[in-house]
Amino acid sequence: MQMRGKEIPIQGIYTIYKMNWLSILLFAMSALLIVAQQSDEIESDLPETQPEKSMPVEETATATALHTSSVLDDCDPEMIGFELVTGYVFSAPGNALDSIPVLMLTDCLETCQGNDSCQSVNFETGLCILFSSNADALPGALTKSQFPVFTIYAQKSCLGVKPCEKSWCIDRVQNHRLVGFAQSHQVVHSRQECLELCLGETDFTCRSANYYNATGGCELSNMDRITVAGSNAFQSVSGYDYMENNCIDEPTKLCEFKKLDGRILKTVDSVYQDVASSEECRDLCLNAPYRCHSYDYGDTGEMVCRLSHHLRTTLSDIQEPYLDVPEAATYELSSCYNVSIDCRSGDMIARIQTSKLFDGKIYAKGSPNSCVKDIKNSLEFELEMAYDDVECNVRKNGLGRYVNDVVIQHHDKIVTSSDLGLAVTCQYDLTNKSVTNEVDLGVHGEIEPALSEEVTVDSPNVAMKITDRSGGDVMPAAEVGDPLALRFEILDKNSPYEIFVRELVAMDGVDSSEIVLIDENGCPTDHFIMGPIYKSAETGKILLSHFDAFKFPSSEVVQFRALVTPCMPTCEPVQCNQEESTGDLRSVISYGKRRRRRSTNPRDDLLLVQTIQIKDKFAFGSENKSSSVANEAIYLPTNENGFCINMAGLIVAGTIFLASQLAIIAAWTFISQRRRLENKLNDGMSVSVSLPSVLSASRTESLSKLYDAGYNHSRRF
């Protein structure tokens, strides 16, 4: 082994730099498999003890291997592609060509491609074994290998369709099938012919294929495991091979990674050293020569970046693919977006392409109800905004320059941290009649001061506060995506009661939009927005529920309303089913089920109301950088029930009242002055003008002819 900063070869084939304890552990796992492989090779050198009746099978396998080798020898190098099978190992010691120490799966595949005798490889992080045969020739030699680390098997093929320039073409999962998205059904002679049909499909984008070995049935689909993540479409079905197209061009302009705490992958595709930051590691993932979907940084060594084309969605068939490390984290690609702008003569069209099925809406910021388009499970969608459409609020910013702000919102009613804001611009150069498109994908906004009000209700004295995630101090500011908590607390520490919460609703005071967060049974309706209610570790008189700050599209004010019921001596929690990202259900407890009181008079439910102002993160312009009291809602207590006053409405009403008073005063002044002037003219001056009769008659006749002829007077600007 070696210590940090030193270089010591192990068994003459493997060297690790800057190792920490986790690197040593991962290396030890790989070393165990090396020893097992060496044991197999020793056994293969022993005298043959198999009966002669097995020889015809071996001869057939040898003939198949020789035929495959001949096909690969005659194959154009540009037509060679690789097919990956994760979690399986090819065990054929007699056909092993070489074992080389590599930290990159891409280097392992390139070595095999450059070796005419190589037909397949086994790869684990740090080790690549080359073979002169493959699993098609020796199907019994391909077996599961998931402990202590999972192995990646790659098979070289000569394809009838020119593959892409990525490191491999196909990810294959045995005994699995993607159900419900088949666009084409055909019968073929082999699995390779099926994958070639997918790679060469032109009528639609073929993202995956199902091959049924018994009948040769081949189903081509426009979806894959990534695009339908979270559904039950990817199923375990015996006899099927699921093949995923790695040559698909995914969106990469605007990507979001989600943090998976406490776990890192046991086997990865690439290991980079001396990477300066996590952001640089993220960029390496987005620009990898394969579809990279996760990375970790600094957990297996100082400045070490590890990349993988896998994430939880694609590892559902692998048993325990992660290593539990409390202080470590894996960042998984959640979704990516590509945005293009089509600038036309009278409108602009924002076209969006996503890497995962989108179910939500896209709208112009400031017009969430009038300039909006609902999207239902689509990878591509668009929003058309006419320049003369006041509903879409396209702004003219200088000569020939039109700008607008667009929001991509996942939830039907509220804005969450997963939503995106786009500033789109069309610039028309009137000199040479050319059009340029500009897309500003920046979404980092400043945190502005937020309004937080506390409401206390007697009998017993219960308070609802919006605090930080730990349930401590009340947050002085909030932005979409900030980790917050709702804290329900009995203020009297000596109170004999406990409380439970149900029917928690978030409301928008502008257009009466609302969303139920905790249902009447006390269970969260969507755990991605609001988690279950649990007791504080400090005392049973405090309940907490975690959530990430969100807002409604039409307002920055979010009002929470909840029914709180006291119970004595304790409150019994309710069992709630919570759906995981993989589609599985997990049982959680939430303090929302009413328990029969044992010894007290019944009390009515207590209604708690809490209001907070939440800024979005889009930062479209200066309009987002100022906080106005006009959007604040103030809670005014009274002797019986409090009531809320919307400051925006109050200011508008006051402005209209003052304007009407000024208009009345101005009209009265004008009329008064006019009357005075007329009186002076009548009293002090009398003028009469006489015209010659002939001239007067001719002028009257001329005017009559003009009016009779229908004189049209038009003002020209």
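Predicted model: local features only at pLDDT ≥ 70, side-chain atom pairs only at ≥ 80, totals over all residues.
1. Once its neighbours within four places in sequence are left aside, Phe 550 is in contact with Ile 414, Val 415, Thr 416, Ala 506, Leu 517, Ile 529, Val 558, Phe 560 and Ile 614.

2. Helix 4 (residues 191–199) has as its buried residues Arg 191, Cys 194, Leu 195, Glu 196, Cys 198 and Leu 199. These buried residues pack against strand 1 (80–86), strand 7 (152–158), strand 8 (170–178), strand 10 (208–212), strand 11 (217–221) and strand 12 (234–245). Arg 191 also belongs to a network of salt bridges that links it with Glu 83, Asp 136, Arg 172 and Asp 241.

3. Over the whole structure, 22 salt bridges are found. One of them joins the side chains of Arg 225 and Glu 244, at 3.0 Å from N to O; Arg 225 sits in the loop between strand 11 and strand 12, whereas Glu 244 is in strand 12, so that the pair links distant parts of the chain, 19 residues apart. Arg 225 counts as buried because its relative accessible area is 4%, and Glu 244, at 4% relative accessibility, is likewise buried.

4. The side chains of Glu 382 and Arg 351 also meet in a salt bridge, with an N to O distance of 3.0 Å. Here the partners are 31 residues apart, with Glu 382 in strand 19 (residues 367–386) and Arg 351 in strand 18 (residues 347–364). Glu 382 is partly exposed at 28% relative accessibility, and Arg 351 is partly exposed at 31%.

5. A salt bridge of 2.9 Å, N to O, connects the side chains of Glu 498 and Lys 535. Because Glu 498 lies in strand 27 and Lys 535 in strand 29 (residues 534–535), the pair ties together parts that are 37 residues apart in sequence. Glu 498 is buried, with a relative accessible area of 10%, while Lys 535 is partly exposed, with a relative accessible area of 24%.

Notes:
Residues numbered from 1 in each chain as written. Heavy atoms only, no water. Contact = heavy atoms within 4.5 Å. Buried < 20%, exposed > 50% of the residue type's maximum accessible area, 1.4 Å probe, protein only. Helix = DSSP H or I, 4+ residues; strand = E, 2+ residues; numbered from the N terminus. Salt bridge = Lys/Arg side-chain N within 4 Å of Asp/Glu carboxyl O.
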